[in-house]
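Trainee: Could you take me through this one? I'd like to know what stands behind the labels.

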Amino acid sequence: MESALDIKQLRAFIALVEQGSVTAGATSLGLAQSTVSEALSSLERALGTAVFLRRRGAHELLLTDAGEALVPHARAILAMLDAAHVAVAGATSGARGSVAIATNESISTYVLSPALDAIRSAWPNTRFEVSVMMCMGVRSGVDAGDYDLGLMLQPADDEANTVHTDRIIISADVPLAVFAQPSHPLVTSMRSAAIRRDALSAFPLYLSDAAGDFHQLVRRFLEEDGTPSPNLRSTGSVESVKRGVLGDVRALGMLPAYALIEEIAARRVLALDVRPGPPRMRLDALMSKTRPQHPATRQLLDAVRNSYPSLTLA
């Protein structure tokens, strides 16, 4: 037996058990596939036996008898470790009493708030400090150790700078929605066919982001294939985008779909069927490697991951 088991090996093992493949397991952990594969290999070396059967041409991993035997013990060890962190944080006067979070505006309002409501009851003496900023500020702030946790939207094909952070993907497919009042001229035309992307340029399009990643992503999307330059209007906030659309029958808006659930359900606005459709974004969590990690940070992240699917449009 090469060495004793370590926590990273067990976390990788359980991720593979739960996700069914190296690709999905690595995505759930926010790690490279090679890192997860090496953790699995080192686990098997430490145990002196294989824990998965790998079938040629098959994507899924099947547990061996040894792997089946390891699962309950691995889960118990990880649960005990989390419980130990919680107990020490609650009993040690020197434990930090705050968690610093950097995030984008729409995430703060629609994604983070429900998770914070759920986690505050478990940590009544912990202060959760939320700072709202552009993606670049989230990325650099967590990387510099100014924040424990960062939550940000970015183009699905972009890579975050993770020199001093752990990146965890909350969702690799966050849809954007182009929306308008039900009486907008494009709504009538949508009844017979999808709306062509170039038709959007005839109308003012409200965005909350004046110059960040989201703004640039939308501009690139609207200018592809020689589409006329869009009439973009930056408003400064998500709510002002909604007000702009509701105050002008010809106005359009574009926001992450999760920010429009209530308005669409009440039919105050409608999501337009634009072809080709708006680009997708990725919801990332960045965790500092340089700050001592408060156990509430991991629990908050779990709460975000658990609550996010309920924020998608039906």
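Trainee: Where is Glu44 found?

Mentor: Glu44 is in helix H3, residues 33-47; helices here are DSSP runs of H or I with at least four residues, strands are E runs of at least two, and both are numbered from the N terminus. Keep in mind that this is a predicted model, where local features need pLDDT of at least 70, side-chain atom pairs count only at pLDDT 80 or more, and totals for chains, interfaces and linings use all residues. Residues are numbered from 1 along each chain as its sequence is written, and side-chain values use heavy atoms, with hydrogens and water left out.

Trainee: Why is Glu44 called buried?

Mentor: Buried means under 20% relative accessible area, exposed over 50% and partly exposed in between, using a 1.4 Å probe and protein chains only. Glu44 has 13%, so it counts as buried.

Trainee: What does the side chain of Glu44 reach?

Mentor: The backbone nitrogen of Phe52, at 3.5 Å. A polar contact is a pair of N or O atoms within 3.5 Å; within protein, one must be able to donate a hydrogen and the other to accept it, and residues adjacent in sequence count only if both atoms are side-chain atoms.

Trainee: On to the aromatics. Why is the pair of Tyr110 and Tyr258 called tilted?

Mentor: There are three aromatic pairs in the structure. For Tyr110 and Tyr258, the ring centres are 6.5 Å apart and the planes are at 45°, so the pair is tilted. Rings of Phe, Tyr and Trp (its six-membered ring) pair if their centres lie within 6.5 Å; planes under 30 degrees apart count as stacked, over 60 as edge-to-face and the rest as tilted.

Trainee: What parts does the pair tie together?

Mentor: Tyr110 sits in helix H5 (residues 105-120) and Tyr258 in the loop between S11 and helix H10 (261-265), so the pair ties together parts 148 residues apart in sequence. Tyr110 counts as buried at 17% relative accessibility, and Tyr258 does too, at 4%.

Trainee: What makes Tyr258 and Tyr308 an edge-to-face pair?

Mentor: The planes of Tyr258 and Tyr308 have 80° between them, with 6.3 Å centre to centre. Tyr308 is in the segment after helix H11 (295-307), 50 residues from Tyr258. Together, Tyr110, Tyr258 and Tyr308 form one aromatic cluster.

Trainee: How do you know that both faces of S9 are covered?

Mentor: Pro204 and Tyr206 on one side of S9, and Leu205 and Leu207 on the other, are all buried.
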